[in-house]
Amino acid sequence: MERKYKILIAVGLGLFACLVFWVVSTTPDSPPPLQKFEPPSSMTYETNTITEEKNGVKLFELSSGKMIVDAATQNAEFENIQAKLYQEDGSFVELTAKHGNYDHQTGDIHVEGEVTVTDSEGAQLISGKLDWYGNEELLVATDKVKIFKDDIKAFGDRAEARNGLRHFNLKGNAHILKGVKDNSGGNLQ
């Protein structure tokens, strides 16, 4: 009988070894670790329009061919800009430019490339670059500045304004012409 138990124990151990081998060999590999998803640091919008209203009154409308917004800082870059800014008195200012950027933290705006600003009274500013310093409420135009209003034409290297296009401080190679009927400005372009 002892031999019978030994055979049963040997067969049991053999079956147990087969079971262990089968479990180990058929256990699936552990899944690969999950890849960490990093959200994009910026978002790009094509042909986009942004408007802002306060108490039902439109403050501005900005259209751009392309806008890139940094998700973390909320800073933005724009291409082919067309903007209309509305004043409390009902007047407005229209702006066009090739490129620009907006600093969310300071509220500063920089635009460049064939910058044209026209107000609802017909005054016009043309320059290569224009900066709006939000904290100071200061508008600064540089790079071949031209200002046209009624029969007054002004040219200079830099123009600064604090009240829309109504009053400018012109600096650097400044020339002012009165009585000019078109926007050509003679040879001062």
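1. Strands β3 (residues 76-86) and β4 (residues 92-103) pair in the antiparallel sense over 10 bridges. Strands here are DSSP runs of E, at least two residues long, numbered from the N terminus. Two strands count as paired if DSSP finds at least two bridges between them. This is a predicted model: local features need pLDDT of at least 70, side-chain atom pairs count only at pLDDT 80 or more, and totals for chains, interfaces and linings use all residues. Residues are numbered from 1 along each chain as its sequence is written, and side-chain values use heavy atoms, with hydrogens and water left out.

2. The hairpin of β3 and β4 has five residues between the strands. Gly 90 takes a positive phi there, near 95°.

3. β4 also pairs with β5 (residues 108-119), again in the antiparallel sense, over nine bridges. Leu 95 stands opposite Val 117 in β5. Four residues separate β4 and β5 in their hairpin. In that turn, Gly 107 has a positive phi of about 80°.

4. Asn 80 lies in β3.

5. Asn 80 touches Ser 63, Ser 64, Gly 65, Ala 97 and Lys 98, leaving aside residues up to four places away in sequence. Contact means heavy atoms within 4.5 Å. Ser 63 is 17 residues from Asn 80 in sequence, and their C-alpha atoms are 8.1 Å apart.
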